[in-house]
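Me: I want to go through this fold with you. Mind starting with how you call things?

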Amino acid sequence: MNNKIEKIDFHDSNLVEIKRDGDKVRIKLDLCVWKQKIKITNDELKEIFIEFYSVKNYIWESDKLESEIDYDTILQFSYNSGNVEIVMTDNCTSVVKFNCGDYRIFF
């Protein structure tokens with residue numbers, strides 16, 4: 001299991017896109033690099049992708065559709081033993097929750 005996700009501070013980063021494809025979820029985000037404890041780049045923001053595999057129990061809670069996500073600000077991103085919860089805001093608060101077997105981060 002890739003342990004990097006627990007070391008990343010996602011707060012105030014922007015979720016650009018979320019896509020589901022079968023049992024895979026792929027998110028695209030602009031990560032606030034200046035908040036990170038690990039050195040990624042000298043830029044203020046870094047576009048990254050995270051793919052979650054063997055996804056189960058996917059729940060989307062929002063007044064808008066997943067396809068309407070457009071640089072929503074991440075308020076909370078938690079990962080605990082395969083349980084993922086992302087809380088974001090734009091004009092409304094949106095929450096996505098699911099369980100995954102593994103993930104991969106693309107910097």
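Reply: Two strands pair if DSSP finds at least two bridges between them. Strands are DSSP runs of E, at least two residues, numbered from the N terminus. This is a predicted model, where local features need pLDDT of at least 70, side-chain atom pairs count only at pLDDT 80 or more, and totals for chains, interfaces and linings use all residues. Residues are numbered from 1 along each chain as its sequence is written, and side-chain values use heavy atoms, with hydrogens and water left out.

Me: Good. In what order do the eight strands sit in the sheet?

Reply: The order is S4-S7-S6-S5-S1-S2-S3-S8, in an open sheet with antiparallel pairing. S4 and S8 are the edge strands, and each pairs on one side only. The average twist from one strand to the next is 20°, with axes as lines fitted to C-alpha atoms and angles running from 0 to 180 degrees between N-to-C directions.

Me: How many bridges join S5 to S6?

Reply: Seven, with the two strands antiparallel. S6 covers residues 83-89. One of the partnered residues is Ile 74, whose bridge partner in S6 is Met 88.

Me: And what sits between S5 and S6?

Reply: Two residues, in a hairpin. Ser 81 is in that turn and has a positive phi of about 50°.

Me: What about S1 and S5, how many bridges there?

Reply: Two, again antiparallel. S1 is residues 14-21 and S5 is residues 72-80. Asn 14 has Thr 73 as its bridge partner in S5.

Me: Switching to packing. Which residues touch the most other members of the largest nonpolar core?

Reply: Phe 10, Ile 27, Ile 50 and Phe 52, in a core of 27 residues. Such a core is a set of buried Ala, Val, Leu, Ile, Met, Phe, Trp, Tyr and Cys residues joined through side-chain atoms within 4.5 Å. Buried means under 20% relative accessible area, exposed over 50%, partly exposed in between, with a 1.4 Å probe and protein chains only.

Me: Which strand gives this core its largest share?

Reply: S2, with four residues.

Me: What does Ile 50 contact?

Reply: Leaving aside neighbours within four places in sequence, its contacts include Ile 5, Phe 10, Ile 27, Phe 77 and Tyr 103. Contact means heavy atoms within 4.5 Å.

Me: How many aromatic pairs does the search find?

Reply: Five in the whole structure. Phe 10 and Phe 77 are stacked, 3.9 Å centre to centre with 20° between the planes. Phe 10 lies in the segment before S1 and Phe 77 in S5, 67 residues apart. Both are buried. For the cut-offs, rings of Phe, Tyr and Trp (its six-membered ring) pair if their centres lie within 6.5 Å; planes under 30 degrees apart count as stacked, over 60 as edge-to-face and the rest as tilted.

Me: Why is the Phe 52 and Phe 98 pair edge-to-face?

Reply: Because their planes are at 70°, with ring centres 5.1 Å apart. Phe 52 is buried at a relative accessible area of 0%, and Phe 98 is buried at 2%.

Me: Which residues do ring pairs link into a cluster?

Reply: Phe 52, Tyr 58, Tyr 79, Phe 98 and Tyr 103.
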